[in-house]
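Q: Please take a close look at the part of this model where the two chains meet, and describe it in one connected account.

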Amino acid sequence: MTKCLVMMVAMTLFGLPAFSIAAQDFSGSWVRDNVKSDPAPNMYWLTREPNSGGAGGTGRAGGGGGRGAPAPIVMTVQHDANSLTVTSPSGAVQKYTLDGKPFSKLTDTGMAKAVINASTQGGTIVITTTQPWGGMPGNASLEIREVWSLSADGKVLTVTAHHNAPARQNIYITIYNKR
Amino acid sequence: MTNKISRRNLLAGAVSAGLAAGSMTVAPAQAQQRSTETKLPDVWGQDFLYQWSPPANLKRDLTPGNSPLRLSHIQMTSAEGTDYGALFKRMRDDGWTACEVGSAQWLSRKLKDSDVREIKTQLKAHDVNFYGIHCAGNIIAPDPEAEQWQRHIIDAVHSADEMGCQLILTHVGSMYPNRNTPHPQNWSKEAWTRSVNALKRICKDTAGSKVEIAIEPVNSEAINNPWAQVRLKEDVGDPRIMSGLDITNMVHPGVAFRMTEFTNLVFDLLQDQIAYIHAKDFVWNGMMAGLNWSMNATGNMDYETFLVRISRLKRPTNVLVEFLTTEGEYQQAKRNMRAVAEKVGAKIL
């Protein structure tokens with residue numbers, strides 16, 4: 001009985017985590033759960049009410065169209081032992097090598113550089129991006145540290161994004177359900 | 001060298017409403033003394049259309065200078081019963097080492113000599129620089145408002161003298177009574193002449209004072225670009241006419257994404273004509289040309305270049321952080337600015 005109990009404890013402490021780490025595969029099509037997720041952070045940090053018309057204000061492009069329910073926001077991920085390739089809902093593709101080595105790329109503005117570091121840590125993937133705020137040269141630095149984790153059954157992806165700037169720190173949680 | 005105005009440039013200026021027509025139509029004799037056009041240099045040569053995108057691989061010189069800057073906040077008051085020792089201690093504790101005050105409130109009460117002495121004593125004790133009185137003036141408004149505003153500014157100069165302030169800061173305004181409403185003729189010869197004459201009168205009526213009269217540009221007002229600021233000082237012909245530097249007040253879509261270049265251009269043009277600085281930030285986030293204020297060092301302003309260029313001015317400069325809403329936002333702005341300054345080696349007292 002005692003031996004059985006010890007084996008169960010050992011399985012719990014060591015066996016199951018080892019099993020789950022080995023089984024972590026983030027590949028798949030992931031649909032954003034808009035109910036359970038935090039609102040996406042605004043691209044702009046406005047300090048007054050926007051005075052412009054048209055598409056301004058939220059900083060989000062696109063959207064769900066003019067009629068009916070908004071279209072689902074789908075992210076596609078390909079994951080193997082050494083790399084993670086993410087196709088964003090807008091179709092942009094970003095490949096990460098999960099070796100923990102920093103690499104740089106131009107920000108979306110084309111005017112500044114972002115330094116990116118991606119690695120596997122336990123059962124999670126951690127992606128850290130550091131760039132001037134908004135990708136504009138000369139701004140305060142913004143570090144975004146994303147921690148990707150899967151539910152035990154592999155059907156729910158949680159991305160916890162820590163946004164760290166001198167002025168403030170925020171955490172945004174985004175939940176995706178496997179399609 | 002003549003001051004060429006191509007159709008393309010004229011169109012860009014008209015659409016963006018950024019560059020004052022008054023400063024573009026320079027008299028030939030004066031134009032020969034000026035080597036540059038009133039716009040940023042072309043990126044792709046004169047054959048290209050709007051040059052609103054920045055050049056690729058723009059090199060930025062981020063070598064800091066030695067002049068420290070002080071961060072300023074509007075908390076000053078002439079309200080009766082103010083504990084100035086506590087006020088300036090709170091400023092220092094919050095990281096503000098300079099202040100300016102709005103003229104309407106400040107001039108609403110005549111300070112006693114003992115008040116003036118107490119304020120000066122407490123400023124010195126807490127090492128806070130009370131450098132200026134801000135007059136939201138409209139000295140080219142339709143008469144008789146122009147006259148009233150000019151008298152108000154003259155009163156502010158005398159008060160600044162009494163307090164030992166370096167300057168008063170003001171605007172030339174608009175040819176509408178509300179200076180925030182752009183009048184179609186704000187960039188006409190008439191508006192220019194009214195601006196020059198109003199400032200000549202203010203200088204004459206405050207002759208003997210050492211208080212500088214710093215003019216802040218605003219997009220919607222008659223003075224809204226750095227070239228006009230240089231020219232205004234020349235045309236008024238008084239060394240006390242100086243410039244307030246509020247770069248975001250001069251931004252239009254044509255330069256919104258060329259802020260590193262525009263910042264350098266402004267500092268190159270104005271140099272030590274700059275008497276004080278206001279620090280804001282902005283983004284262009286809509287279909288219309290309306291720009292919106294954003295948290296400092298998160299928008300289109302290049303704060304690294306901005307702070308470096310301030311540190312290269314010959315005299316230490318006060319930098320008022322604005323146009324935020326809550327005290328918490330002011331603290332956030334201050335943290336961003338101090339972090340950027342630390343990164344580039346610009347010293348903030």
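A: Contact is taken here to mean heavy atoms within 4.5 Å. In this predicted model, 33 residues of chain B are in contact by that criterion with 24 residues of chain A. Between chain B and chain A an area of about 2300 Å² is buried, and carbon and sulfur atoms give 54% of that area. Three residues, B:N285, B:N292 and B:T298, supply 22% of the area that chain B buries against chain A, which is more than any other three residues.

On the side of chain B that touches chain A, the elements giving two or more residues are β9 (292–293), α11 (303–311) and α12 (327–344) of chain B. Of these, α12(B) provides the largest share, six residues. Sorted by class, the side of chain B that touches chain A comprises 15 nonpolar, twelve polar and six charged residues.

B:D281 is located in the loop between β7 (274–279) and β8 (282–283) of chain B. B:D281 is buried but has no salt bridge, and B:K280, the nearest side chain of opposite charge, is 11 Å away. A salt bridge requires a separation within 4 Å. The side chain of B:D281 instead reaches the backbone nitrogen of B:M301, at 3.0 Å.

How values were computed:
Residues numbered from 1 in each chain as written. Chains lettered and ligands numbered in written order. Predicted model: local features only at pLDDT ≥ 70, side-chain atom pairs only at ≥ 80, totals over all residues. Heavy atoms only, no water. Buried area = accessible area lost by both parts, 1.4 Å probe. Helix = DSSP H or I, 4+ residues; strand = E, 2+ residues; numbered from the N terminus. Nonpolar A, V, L, I, M, F, W, Y, C, P; charged D, E, K, R; others polar. Buried < 20%, exposed > 50% of the residue type's maximum accessible area, 1.4 Å probe, protein only. Lys, Arg positive; Asp, Glu negative; His and termini not counted. Polar contact = N/O pair within 3.5 Å; in protein donor to acceptor, adjacent residues only side chain to side chain.
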